[in-house]
Amino acid sequence: MLLFYLTFLACLVVPSVSVKHDTFKTCAQSGFCKRNRAFADNASSISTWQSPYALDPNSIAFNDGKLSGTILKKLDNSKEKVRLPIIITFLESGTVRITIDEEKRQKGDIVLRHDSKVRKERYNEAANWAIVGGLEPNKGAALSNDAGTQTTKVLYGPAGAYEAVLRHSPFGIDFNRDGKTHIQLNERGLLNVEHWRAKVEKETIEPKEGEEQQVLQDTATESTEDESTWWEESFGGNTDSKPRGPESIGLDISFPGYDHVYGIPEHASSMSLKQTRGGDGGYTDPYRLYNSDVFEYELDSPMTLYGVIPLMQAQAKDSTVGVFWLNAAETWVDIIKGKSVANALSLGVAGKSSTQTHWFSESGQLDLFVFLGPTPKDITKKYGELTGYSQLPQASVIGYHQCRWNYVTDQDVMDVDRKFDKHRIPYDVIWLDIEYTDGKKYFTWDPLNFPHPDKMHKQLDEHERKVVVIIDPHIKNENNYHVDEDLRNKDLGVHNKEGSISEGWCWPGSSHWIDSFNPAARAWWKSLYQFKKFIGTAKNTFLWNDMNEPSVFNGPETTMPKDNIHYGNWEHRDVHNIYGMTVHNATHEGLIERKKGEIQRPFVLSRAFFAGSQRLGAVWTGDNLADWGHLRAALPMLLNQGISGFPFVGSDVGGFFGNPTKELLTRWYQSGTFYPFFRGHAHIDTRRREPYLAGTPYTQIITQAIRLRYSLLPAWYTAFHEASIDGSPIIRPNFYVHPSDEKGFAIDDQLYIGSTGLLAKPIVQEGAESADIYIADDEPYYDYFDYTVYSGKGSHTYKAPLEKIPLLMQGGHIIPRRDRPRRSSGLMRYDPYTLLIVLDKAGNAEGSLYVDDGETFDYQQGAYIHRKFSFNQETGILSSEDISTKGSKTAAYLKAMAKVRVERVIIVGAPNSWKSKTQVSIAEEGAKDSSKKKSVSLQYHAAAGGKGSWAVVRDPGVLIAKGWKIDFS
Ligand code: NOJ
């Protein structure tokens, strides 16, 4: 074992060039994946194929927005039919939920040995973890049955504009909107519910010497199915016992008329998903969804990574629809795209494009949500109504984070902190990886290297900075370590199939894993974060939960055996993809509760995630490499996360494994300034690379990139706020902002920041000195730094030598920012604002600003400022309007912010008619004499040399918390 561990460590220390393929299964090595693909192949090879599933029309009942019934599955060799209860709920939001269960599995346990049991039921608790609302049925949904059509129709959604057409036999559902079918279930007949069956022990004949063992089979019941992985499956030297036998569920979901599908993170692939059954540029394996610790992951691959969100959206011109497959077991998704030929005489003229997908999970109920859009925003909003929106984080965590594995002593941390100041580089958070602990025992400090955590926290707090410490869910198996003793004595760990505590290997060596499905384990875990228990932590300590897929070095596919058992007698197989979220959840709650009275918003970074994890903090894309390919791969991955409901994401800036060249490091910081979660991180074996070490001119260029982030923090925080109330991505891909522009649907290397109109295209090619930015509309776009105008749909070349970041402003927006460089975001709290007004082609602009204390939950009682700014070219008036809802804490907050002012207004694209203008007049809300207007000077700069015109009003004397009008007419 020790040898294994050392070899494993060695692998981490000396990066090899590629992922260890033998560690992870391909579809052909996964029993249920192979079976479901074979099922699909069989169906498509038989022209007369009919799905063996039919909805029994006599079983259908419809009540208050809920349709229930029974699907009957025909069996090959038996008259008996398998009964599958189906419930279809038409929700108030216009979303539809479909669950399919199996009658025979609905009750009971299976006794394994002694008192160890597993639940016989199909796992039905994923929703308890993932769903937090939006389940109210739409009582207005109406059944409209046409006699004799063998279909059942339900009208639902806004003004009954949606229609679900249920075909009885073979069973299938079409979802229609505006008279068109957008989503089809079981259209290809791939619904597959592997039903409950008893294990038949096959009679074997003892082989004579030199002969192979023979299995006697009763020819009457002989099956053509591949049963080899039904009851047991081996991979990489591990054998998975399957006490419940085969139990996968599969379904085909087609999107007729849709060319692009996105989502189902996490994969190092393009945002617009590829075909998976060969074809031009396609993959040969399905996209896999199984939380895994895949270090040095491969790029352009459907291989699974650390987290899973089984949400997919399909995009066609002006139409977005989506599906959410709520299942926590291992899942694979096949994608085929094609053009249907309209009719035989069409002489090769292609018909409608279509994307066909095929989903299958190893166990659990079928639980599917269907969204009919029609906009990308409808999908993120409605998905968020179900699974929650990202929590508004502390303002500081939107700043820059400095991490490495490891800062070696508390002195080292304090030294790095001082050096950032010396070089005038702002940062907010410094991170401690596993080496701060006493021998990898979490909730302890290494007494030699971190003797004074209090002093360290105090120094950082002087500039409002924070410390993040890592706590992983594996607990060192050691006597006299109170955390492990508690875990064992109180029986709070995950069990193995024999029913005793499961043991495996991770950073500390032999370890146990908290079973955070167990309420008692969660209560205990939360208590560990109390200041009085986790001595040395303070108000400015935040958390990082790593390795929570969970990563088990000596487990199958580097994770936990699927036949391990969790609280409630569920197999690990059933809950695998949720495990990481349960740990993240308990830590998040632990931070909220660590001190009664003074509640701060928690911050917890997690590596594993599932649908719903967005409520709990941030995630990052794991162990990338310091190479250009990984820099390029980050943006599509982050954009994909954002449209999949989890927008607070980042990638290790600089690359985790290996040493970046200075050019790569610099370009990575320029790119990272646009990551919602902006953190530099590096492996223990890499050279130190804090930005101030890069040297001239790199340090200065990196500092500029970080300062750009800090000056735009007001815009970023406003975007985070938007995400927290309606699920809008913080960084947005082209299709999300321009859903009519088909040309931009596959673009995943440029991004918009929130609703600000800021459009960035970071440089991700070695040696590149320019970027081609794609503009999707006919608005003017201005260079952020010098107002050069770019206009006209299509691609524009932007010159970007090393010191330049391609960043444009789309006309029509007002961008709030703060221009005074400080050490940390906290120190900018009362700084004045600059408003950047970027006029559209009609001469108008609009924008907003959200501000609160950035720390507490007081904003929930109205302690915030929310303003809408507009400039109207007809009136020539720029106004600030209050769009907040007041609460009990509004007045106190407004008082605290009473003096914060706007120090500058810049109008980009200022009309020619202002050429001779030198003054603007200002009217303020609440001014004693409203007829008395102040006059302030304006400077106009005419357009020249490709640069747009602009005007500036310095110190207009208006306040951020109040209403005002600046009259430019
Ligand atoms: C794996 C994580 O992905 C990495 O970021 C971290 O530094 C190491 N674990 C050590 O904790």
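Modeller: Domain 1 and domain 2 bury about 690 Å² between them, with 54% of that area on carbon and sulfur atoms. Buried area is the accessible area (1.4 Å probe) that two parts lose on being put together, summed over both. This is a predicted model, in which local features need pLDDT of at least 70 and side-chain atom pairs pLDDT 80 or more, while totals for chains, interfaces and linings use all residues. Residues are numbered from 1 along each chain as its sequence is written, and side-chain values use heavy atoms, without hydrogens and water.

Biologist: Which residues make up domain 1 and domain 2?

Modeller: Domain 1 comprises 31-195 + 244-342 + 351-375, and domain 2 comprises 737-967; such bounds come from an automatic or database domain assignment. Their C-alpha centres lie 44 Å apart.

Biologist: How many residues of domain 1 are in contact with domain 2?

Modeller: Contact means heavy atoms within 4.5 Å. Here 9 residues of domain 1 touch 7 residues of domain 2 by that rule.

Biologist: Which residues are the closest to the ligand?

Modeller: A residue is near a molecule if one of its heavy atoms lies within 4 Å of it. In this model 13 residues surround the ligand, the closest being Asp433, Asp546, Arg607, Asp623 and His681.

Biologist: How many residues of the shell around the ligand are nonpolar, polar or charged?

Modeller: Ala, Val, Leu, Ile, Met, Phe, Trp, Tyr, Cys and Pro count as nonpolar, Asp, Glu, Lys and Arg as charged, and the others, Gly among them, as polar. The shell has 8 nonpolar, 1 polar and 4 charged residues.
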